[in-house]
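User: I am new to this structure and would like to be guided through it. Please begin with the overall fold and then turn to the core.

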Amino acid sequence: MELDVIQTALGGQRAVYNGVRVKTIPKPLRLFNKNRSYAFRGTVYLAPNILNGGPDEAVRTLRHEYGHTRQYARLGFCRYLFGIFLPSMTHTPREHYYSQKWEVTADAFGDVDRAGTGEAHLPGAEKDGEDYLRHLERRLDSRRQR
Ligand SMILES: [Zn+2]
């Protein structure tokens, strides 16, 4: 089912996963990034080469990016942009990438299992990620009360 969603999106047709729109990275933006899938404004954008790492990895990526749309739903535009999207796009060391505090809750919301992939979450990473999300949420609450 998830692979169908990926194939449909890669084929340029309308694809939806758990109510979320799934597309490929728009062509003009591929000049800057064509290899890293991402999620923005509640839409998942898949890298055109998403299947190169095999179907299991592609499904993990779809689930992970879906998880980012759940973060977006909780945080809104600004906090997602500065708290999740930009750190995620500018963080280059690939080691323990999915244990980063802005990444790990995307795995959790997307129900991604990385056991046995070499990308399993570091001890404590999930709690750090939840704390980070709550910290970002509180920043809006305090602004609202002013
Ligand atoms: Zn991510």
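Analyst: This is a predicted model. Read along the sequence, the protein follows the pattern α-β-β-β-β-α-α-α.

User: What is the radius of gyration of the protein, and what does the globule rule give for 146 residues?

Analyst: For 146 residues the globule rule gives 15 Å, and the value for the protein is close to this, so the protein is as compact as a globular protein of that length. Along its principal axes, the C-alpha trace spans about 50 × 35 × 30 Å. The radius of gyration is 15 Å.

User: Which element gives the most residues to the largest nonpolar core?

Analyst: The largest nonpolar core has 24 residues, and Val5, Ile6, Tyr17, Val22, Val44, Leu46 and Leu62 touch the most other members. At least two residues each come from helix H1 (2-10), strands E1 (15-17), E2 (20-24) and E4 (43-46), and helices H2 (55-90) and H4 (125-145). The element that gives the most, with eight residues, is H2.

User: Which residues does Val22 touch, not counting those up to four places away in sequence?

Analyst: Val22 is one of the residues that touch the most other members of the core. Leaving out residues up to four places away in sequence, Val22 touches Val5, Ala9, Ala15, Val16, Tyr17, Val44 and Leu46.

User: What percentage of the 146 residues count as buried?

Analyst: A residue counts as buried if 20 or more other C-beta atoms lie within 10 Å of its own. Of the 146 residues, the buried share is 34%.

Notes: Residues are numbered from 1 along each chain as its sequence is written. This is a predicted model: local features need pLDDT of at least 70, side-chain atom pairs count only at pLDDT 80 or more; totals for chains, interfaces and linings use all residues. A nonpolar core is a set of buried Ala, Val, Leu, Ile, Met, Phe, Trp, Tyr and Cys residues joined through C-beta atoms within 7 Å. A residue is buried if 20 or more other C-beta atoms lie within 10 Å of its own, exposed if 12 or fewer, and partly exposed in between; C-beta atoms are placed from the backbone. Helices (H or I, at least four residues) and strands (E, at least two) are DSSP runs, numbered from the N terminus. Two residues are in contact if their C-beta atoms, placed from the backbone, lie within 7 Å. The radius of gyration is taken over C-alpha atoms; the globule rule is 2.2 Å times the number of residues to the power 0.38.
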